[in-house]
Amino acid sequence: MTPNRVQRGESKKRRVPLALLIVPIVLVGIGVAIFLIGGGDVPIVGGDDEVTPPFDFIVKGASVVATAPDADEATLASTADDVAQEITPTIDDLFTNGYLDPSNWRDGDYEEVFATFAPDAVATAEESVETLTLGATAGDVFATVAPGKSKLSYQVLFDPDGAVETAVVTVVFRATAERKDGTYLAIVSEGEFFLRQIDGWTITAFDVTRADHETQPPSPSASPSG
Amino acid sequence: MSILHARRAALLVAFLAAWVAGSALGATEPASHAAAAPLFQLERAHAEFVPTLDGSKPIFVLVIGSDARPDQAIESQRADSIHIVSINPAEHRATIVGIPRDSFVDIPDHGQDKIDAALFFGGPELVVETVEQLTGLKMDYWAMTGFASFEAMVDDVDGLVVDVPFAMSDEASRAFFEPGVQRLDGDNALAFARNRHDLPSGDFGRSEDQGLLMVSALAQFKKEFNQDPARLLAWVASFVRHGTTTLSLDEVLDLAFTGTTINANKVANAVLPGGVGMVGTLSVVTLNQDTLDAISKDLADDGVLKKANVPPSPNESLLGG
């Protein structure tokens, strides 16, 4: 059937949107291809490697620092254990967000880490991003990070009335990071965090040292323990 | 829509698509460049923060040593030692000024007497009032220990490492020391702090030695803090457990953190000079008013005593200076 004028007009109208669609799709396709090939080191967002590995510190104990001469050490020891239990998730999160969550370290975005610090301390913490986290450019260097055996111990300072004043957490954090070139780096972060209850447990002072070193690939049988 | 318009629209979309693709490509370049840069640094990195006090004004603490024996209330005896400790947080500096206990001064509402009697008359608050009147400096806090509490405090931190500046041999205080660096337990630290019979300048020299103990304690505290920051708790707890003070625990913590930033080597340790004489049956010290005024004025400004205003050491003859 010969199309009438109206039908020809409609047919023309249909051909134009096709051109509009094909050209940009091809160009975007080329762009994406170049993006993935040229920037091959950049991971595909949402891939399997975006999963944060599970991690928990091993708590080695909590000791009491009493200020009352006649302090009831047994009661304070029980409270110190409770304090350790309360604080540990905060420290777990601090290191998970700082070292293990790929959505943070791939982009060098550690906002959640710095939210744990008191207002006075946060500026110094942010300036110390390379020491307190995997680093601002970690996403350019590392492919994966796996946690290792890490431990915490606590010292809890009580006021003369037996109320918790401050807790000091001594941290030894270990992880193994695989670089994109296939080599491995042992991440070691050691230090102390002073915490007080200011709208939840907040870091008011810290002293942290990083002692990273080259390491061998983990043996297949090795598994990180929490 | 005409074909021409359609082509223009297609070109526009194509341009935009190319721009987006190009931007994405551009965005990958820095990442590739960074990845080609030297891999992660391996040197030891260190980060620390301590919440020091506001540095806008000096902090004055009056440190009082009561001569109370273990079975006596420390606030109702005489003040065996009186020191003004000023701290300038901004400059990380501190100054210790000893006031001889026999200084004959006006004690508010009690007339003229030896300054050590102020503690007996009105407790630490009256000692503060007396010192404020004498110097014109406003004390922010006071802190006090007695013989037993001082010993216990020192023992709690496992002793004080002191560079004993000269030999001591004094039966009255049981201070028997060879010169040199040594760790003094509570008993020996108290003996070192009490010895005056063995010193040519008597109480003036003793006051300087007491200042030296404070400087030694600061140096040791800093050293231990640098090795293990959690040691701060032990020092704070020891002070709170055995001392008497107007400082809250929060303030003690703040001062302790501030103390970690003070340069112990630059702490001026001075003693107000004066002449020894008699008033009635009392052996008293008449403070040198010019030096007192100069030191007070200097400290009021920033809490730091200028070298020019540091009087000669009362132990100068023993130090070989």
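Hi everyone. Let me start with helix 7 of chain B: its buried residues pack against strand 4 (164-179) and strand 6 (201-210) of chain A, and also against strand 3 (79-88), helix 5 (203-227) and helix 6 of chain B. Before I go on, please keep in mind that this is a predicted model.

Which residues of helix 7 (residues 249-259) of chain B are buried? They are B:Leu249, B:Val252, B:Leu253, B:Leu255, B:Phe257, B:Thr258 and B:Gly259.

Now a step back to chain B as a whole. Chain B contains nine helices and 15 strands. It has 321 residues, and 44% of them count as buried. If you take the contacts in chain B with a separation of 6 or more, 63% come from residues 24 or more positions apart.

Next, helix packing. Two packed helices are described by the angle between their axes and the distance between the axes. Let's do that for helix 3 of chain B and two of its partners.

Partner one is helix 6. Helix 3 (residues 147-156) of chain B packs with helix 6 (residues 231-242) of chain B at about 165°, and the axes are 9 Å apart. The cut-off for roughly antiparallel is over 145 degrees, so helix 3 and helix 6 of chain B are roughly antiparallel to each other. The crossing of helix 3 of chain B past helix 6 of chain B is right-handed. Who meets whom? From helix 3 of chain B we have B:Ser149, B:Ala152, B:Met153 and B:Asp156, and from helix 6 of chain B we have B:Ser238, B:Phe239 and B:His242. Sorted by class, that contact of helix 3 with helix 6 of chain B holds three nonpolar, three polar and one charged residues.

Partner two is helix 4. The axes of helix 3 of chain B and helix 4 (residues 186-194) of chain B come within 7 Å, crossing at roughly 125°. That angle makes helix 3 of chain B oblique to helix 4 of chain B. This crossing of helix 3 past helix 4 of chain B is right-handed. On the helix 3 side of chain B, the contact is made by B:Phe147, B:Phe150, B:Glu151, B:Ala152, B:Val154 and B:Asp155, while helix 4 of chain B brings B:Gly186, B:Asp187, B:Ala189 and B:Leu190.

Let me zoom in on B:Phe150, which lies in helix 3 of chain B. Is B:Phe150 buried or exposed? B:Phe150 is buried, because 24 other C-beta atoms lie within 10 Å. Not counting residues up to four places away in sequence, B:Phe150 touches B:Gly65, B:Thr145 and B:Leu190.

Over to the nonpolar side of things. The largest nonpolar core has 132 residues, and the members touching the most others are A:Val156, B:Val127 and B:Val236. Helix 2 (residues 73-100) of chain A gives the most to this core, with ten residues. Leaving aside neighbours within four places in sequence, the contacts of A:Val156 include A:Ala62, A:Val83 and A:Ala167.

One last stop: A:Ala118, in the loop between helix 4 (111-114) and helix 5 (119-127) of chain A. A:Ala118 counts as partly exposed, because it has 18 C-beta neighbours inside 10 Å. A:Ala118 and A:Ile198 are 80 residues apart in sequence, yet their C-alpha atoms are 7.9 Å apart in space. Thanks, everyone!

Terms used: Residues are numbered from 1 along each chain as its sequence is written. Chains are lettered from A and ligands numbered from 1 in the order in which they are written. This is a predicted model: local features need pLDDT of at least 70, side-chain atom pairs count only at pLDDT 80 or more; totals for chains, interfaces and linings use all residues. Axes are lines fitted to C-alpha atoms, for helices over the stretch in contact, and angles run from 0 to 180 degrees between N-to-C directions. Helices (H or I, at least four residues) and strands (E, at least two) are DSSP runs, numbered from the N terminus. Angles under 35 degrees count as roughly parallel, over 145 as roughly antiparallel, 65 to 115 as roughly perpendicular and the rest as oblique. A crossing is left-handed if the near helix is turned anticlockwise from the far one by less than a right angle, and right-handed if clockwise. Two residues are in contact if their C-beta atoms, placed from the backbone, lie within 7 Å. Ala, Val, Leu, Ile, Met, Phe, Trp, Tyr, Cys and Pro count as nonpolar, Asp, Glu, Lys and Arg as charged, and the others, Gly among them, as polar. A residue is buried if 20 or more other C-beta atoms lie within 10 Å of its own, exposed if 12 or fewer, and partly exposed in between; C-beta atoms are placed from the backbone. A nonpolar core is a set of buried Ala, Val, Leu, Ile, Met, Phe, Trp, Tyr and Cys residues joined through C-beta atoms within 7 Å.
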